[in-house]
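Here's a quick briefing for anyone meeting this structure for the first time. Have a look at the sequence and the model, then follow the notes below.

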Amino acid sequence: MKIFRAETLIDGSGGEPQRNVEIVIEGERIQEIVPAGVTPRPPQATVYERPGATVLPGLIDVHVHLMFGTGSRSYEDVIQHDSNDLMLLRGARNAYLHLRAGVTTFRDCGARNNVSFALREAAQAGLFLSPRMHVSGRPLTVTGGHFWWCNEEADGADGVRAATRRLLKDGADFIKIMASGGGTRGTDASRASFTVEEMAAAVAEAHQVGKKTTAHCLAAESVSRAVDAGLDQIEHFNFIHPDGSRVFDERVAEQILDRGIVLSPTIQTGYRQIERLQAKGDALTPRERTQLDGNLYKQETKLDFVRRFYEMGAPIVAGTDAIQEFGDYAIGLELLHRAGLSAMDVVIAATSGAARAMGIEKDVGTVRPGMLADLVYLDGDPLTDIKALDRVLSVVMGGRVVVDPRFDLGGGIPALPSDTPVLMPA
Ligand SMILES: [Zn+2]
């Protein structure tokens with residue numbers, strides 16, 4: 001038996017925080033949550049605590065790309081020069097960086113060939129420390145479409161149907177569809193790609209076997225097609241028009257709400273570039289100035305779209321679209337808060353809401369009896385200081401301490417006070 005003490009517990013369900021409780025764990029699941037120090041414990045029970053910390057369910061990122069984590073290198077550079085083998089090793093490192101940021105579950109939204117399947121298998125076998133992983137494998141795309149080099153191009157409803165069945169056969173946990181162009185050379189982010197019929201074929205095949213679907217939608221037209229095709233979730237929803245403008249569509253937004261489609265805004269994409277460019281001040285070149293203006297327009301419209309959807313009551317989930325940096329998770333939560341989400345709704349977007357979107361809410365996303373014991377200890381209370389989500393003290397997965405910087409040789413750790421009760425990572 002293991003006992004994890006929490007001075008403050010935010011359980012992910014949206015309920016009031018609990019004070020001074022013990023989370024009792026048997027095996028890898030939570031047995032009960034009781035007031036601290038009341039129930040007598042067997043002498044062999046181990047107790048873990050971080051005084052002053054707030055405990056949350058392990059955090060969830062619904063959108064990463066483990067094959068990257070390649071800084072500012074372009075897609076084309078990475079695809080041309082990096083082998084699948086290199087992507088595997090880098091993916092393992094990326095996974096651990098995210099784990100250190102408190103993410104205990106994530107979903108890979110597109111990798112080349114079998115890279116993400118192999119990563120999931122290796123993580124499950126314990127070959128490296130990783131969050132729990134759901135993978136789409138190769139994203140479905142039209143011939144020459146966004147991420148075509150992942151090698152799952154398909155055209156026509158029959159072609160898409162066959163490709164979806166192939167992905168499911170290979171072990172996809174969900175199906176990712178590239179519904180518009182994107183950053184891939186030769187594609188256009190302001191134009192839709194798949195037709196409604198093509199996407200509907202993928203959705204039908206996935207739903208038939210109980211799997212979820214999500215679509216990358218930068219173009220306004222791709223959002224409305226994804227809605228018509230019956231997608232479960234929409235990524236990005238930048239509402240870009242062929243003239244480059246980004247305009248919210250009330251009619252489509254109403255449909256999204258009616259159909260209960262989950263929204264994954266990937267709100268932080270471009271944010272670090274804004275910071276880097278702004279730091280240059282007057283030293284910006286004309287080209288960088290144009291880049292900065294473009295990023296600021298993207299940021300400002302995204303915050304506005306998220307605010308509108310939130311006010312309408314649409315389900316919003318947390319996703320980084322980690323391509324450049326892994327482990328940089330909390331900034332997206334801070335931006336969701338800036339867009340208007342209450343701190344509690346930010347926590348839900350990163351925990352129970354995301355778990356429901358992935359269909360795994362019976363296992364993760366809340367701290368309740370019966371759930372997997374995935375916990376994150378934060379320095380501070382995110383309900384009063386959203387930046388506390390960036391101050392991860394410890395991470396617990398399935399009742400094992402997997403991150404505790406006091407033991408982390410990679411982190412340059414101060415010596416451990418000898419009176420601190422701890423559990424070594426199993
Ligand atoms: Zn993505």
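Let's start with Ala172, which sits in the loop between α4 and β9; helices (H or I, at least four residues) and strands (E, at least two) are DSSP runs, numbered from the N terminus. The model is a predicted one, where local features need pLDDT of at least 70, side-chain atom pairs count only at pLDDT 80 or more, and totals for chains, interfaces and linings use all residues. Residues are numbered from 1 along each chain as its sequence is written, and side-chain values use heavy atoms, with hydrogens and water left out.

**Around Ala172**
- With 0% relative accessibility, Ala172 counts as buried (buried is under 20% relative accessible area, exposed is over 50%, and partly exposed is in between, using a 1.4 Å probe and protein chains only).
- Setting aside neighbours within four places in sequence, Ala172 is in contact with Phe117, Val135, Ser136, Leu167 and Lys211 (contact means heavy atoms within 4.5 Å).
- Ala172 and Gly14 are 158 residues apart in sequence, and their C-alpha atoms are 31 Å apart in space.

**Helix α5 and its surroundings**
- On the buried side of the count, α5 has Glu198, Met199, Ala201, Ala202, Val203, Glu205 and Ala206.
- Those buried residues pack against α4 (156-170), β9 (174-178), β10 (212-219) and α6 (220-229).
- After α5 comes Gly210, with a positive phi near 75°.

**How α4 meets α5**
- The axes of α4 and α5 come within 8 Å and cross at roughly 30° (axes are lines fitted to C-alpha atoms, for helices over the stretch in contact, and angles run from 0 to 180 degrees between N-to-C directions).
- α4 and α5 are therefore roughly parallel to each other (angles under 35 degrees count as roughly parallel, over 145 as roughly antiparallel, 65 to 115 as roughly perpendicular and the rest as oblique).

**How α6 meets α7**
- α6 packs with helix α7 (residues 250-258) at an angle of about 30°, and their axes are 10 Å apart.
- That makes α6 roughly parallel to α7.
- Val223, Ser224, Val227 and Asp228 of α6 make the contact with Val252, Gln255 and Ile256 of α7.
- The crossing of α6 and α7 is left-handed.

**Helix α10**
- Helix α10 (residues 330-338) has seven of its nine residues buried, so it is largely enclosed by the rest of the structure.
- The buried residues of α10 pack against α8 (271-279), α9 (286-312) and α11 (343-350).
- Just after α10, Gly340 has a positive phi of about 120°.

**Confidence**
- The mean pLDDT of the protein is 94, and 96% of its residues reach 70 or more (pLDDT is the predictor's confidence in each residue, from 0 to 100).
- Over residues 409-426, pLDDT stays under 50, and the model has 25 contacts beyond four places in sequence for them.

How values were computed
A crossing is left-handed if the near helix is turned anticlockwise from the far one by less than a right angle, and right-handed if clockwise.
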